[in-house]
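Thanks for coming. I will go through one model this morning, starting with a ligand site. Please have the structure open.

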Amino acid sequence: TDLADLDELVTHCRACPRLVAWREEVARTRRAAFRDQVYWGRPVPGFGPPDARLAIVGLAPAAHGANRTGRMFTGDRSGEVLYAALHAVGLASRPVAVSRDDGLELHGVRITAPVRCAPPENRPTPGERDTCRSWLARELQLLRPALRAVVVLGGFGWQALLPVLRETAWRVPVPRPVFGHGVDVVLPAVDGGPDLHLFGCYHPSQQNTFTGRLTPAMVEEVLRRAGGTAGL
Ligand code: DU
Ligand code: SF4
């Protein structure tokens with residue numbers, strides 16, 4: 001299986017009954033502003049090249065964002081902040097993400113999430129998180145040869161990702177490193193391969209950006225540091 005196969009496979013997953021029902025109900029009922037659009041309404045694959053040196057791990061698709069457009073962080077408020085910052089530091093070809101066929105390219109970056117279906121209230125259950133993590137594990141295994149750094153957006157992604165990294169190839173310290181904005185942890189590879197640098201960044205949700213807890217400059221700063229560490 002290569003990454004393109006995995007991206008196609010995940011879109012057919014129906015393993016979590018609650019999330020399958022929700023993603024499809026949202027796609028049927030839609031939001032007024034998008035009433036004339038055909039929603040994706042399925043699991044959302046990762047976005048970015050298979051030889052990405054940097055991965056960005058979020059939480060889960062937004063109901064009217066990625067669950068509508070079918071591409072990570074595309075068409076929602078969090079994505080406005082994220083793609084603008086990626087473009088500002090030279091990691092995306094354009095500052096605005098609109099749809100799957102808008103031509104936007106990521107430079108050496110893969111954006112993914114531990115949960116691939118939009119959850120009610122943006123809150124997956126621990127069971128859903130654990131069910132979906134095998135998709136992330138397979139993706140990281142395929143990305144591993146080039147992967148040098150990961151930016152994790154928020155504590156949920158951090159909690160979900162650490163066990164997956166440990167299963168894949170990297171030594172995670174005990175006790176587990178604690179999530180925080182600006183946290184930078186180095187994970188040595190179990191087999192003597194290259195280290196993986198893990199960066200924490202607050203999630204660019206409106207909850208954080210409206211309140212000023214997270215500014216665009218703060219996102220750019222972490223992305224610049226992570227990109228530099230990854231050799232981008
Ligand atoms: O026995 P174990 O706790 O499952 O650990 C097996 C293996 O994984 C050992 O080499 C330590 C390493 N490890 C880790 O990298 N991160 C952890 O959180 C726990 C164990
Ligand atoms: Fe499948 Fe993940 Fe969606 Fe659950 S959240 S149905 S495991 S793709």
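Before the first site, a word on classes: Ala, Val, Leu, Ile, Met, Phe, Trp, Tyr, Cys and Pro count as nonpolar, Asp, Glu, Lys and Arg as charged, and the others, Gly among them, as polar. The model is predicted, and local features need pLDDT of at least 70, side-chain atom pairs count only at pLDDT 80 or more, while totals for chains, interfaces and linings use all residues. Residues are numbered from 1 along each chain as its sequence is written, and chains are lettered from A and ligands numbered from 1 in the order in which they are written.

Ligand 2, then. A residue is near a molecule if its C-beta atom, placed from the backbone, lies within 6 Å of it. On that basis 15 residues surround ligand 2, and the closest are C13, C16, P43, C117 and C132. Two or more residues of this shell come from each of α2 (17–29) and α5 (126–143); helices here are DSSP runs of H or I with at least four residues, strands are runs of E with at least two, and both are numbered from the N terminus. The most, 4 residues, comes from α5. By class, the shell of ligand 2 has 11 nonpolar, 1 polar and 3 charged residues.

Around ligand 1 we find R166, R171, V172 and V174. That shell splits into 2 nonpolar, no polar and 2 charged. V174 comes up again, as the peptide bond from V174 to P175 is cis, with omega near -5°. P175 sits in the loop between α6 (155–168) and β4 (184–187).

Next, the backbone. Which residues have a positive phi without being glycine? R30 does, at about 55°, and so does F73, at about 60°. R30 is in the loop between α2 and β1 (54–57), F73 in the loop between α3 (66–69) and α4. Are they buried or exposed? A residue is buried if 20 or more other C-beta atoms, placed from the backbone, lie within 10 Å of its own, exposed if 12 or fewer, and partly exposed in between. R30 has 17 such neighbours, so it is partly exposed; F73 has 27 and is therefore buried.
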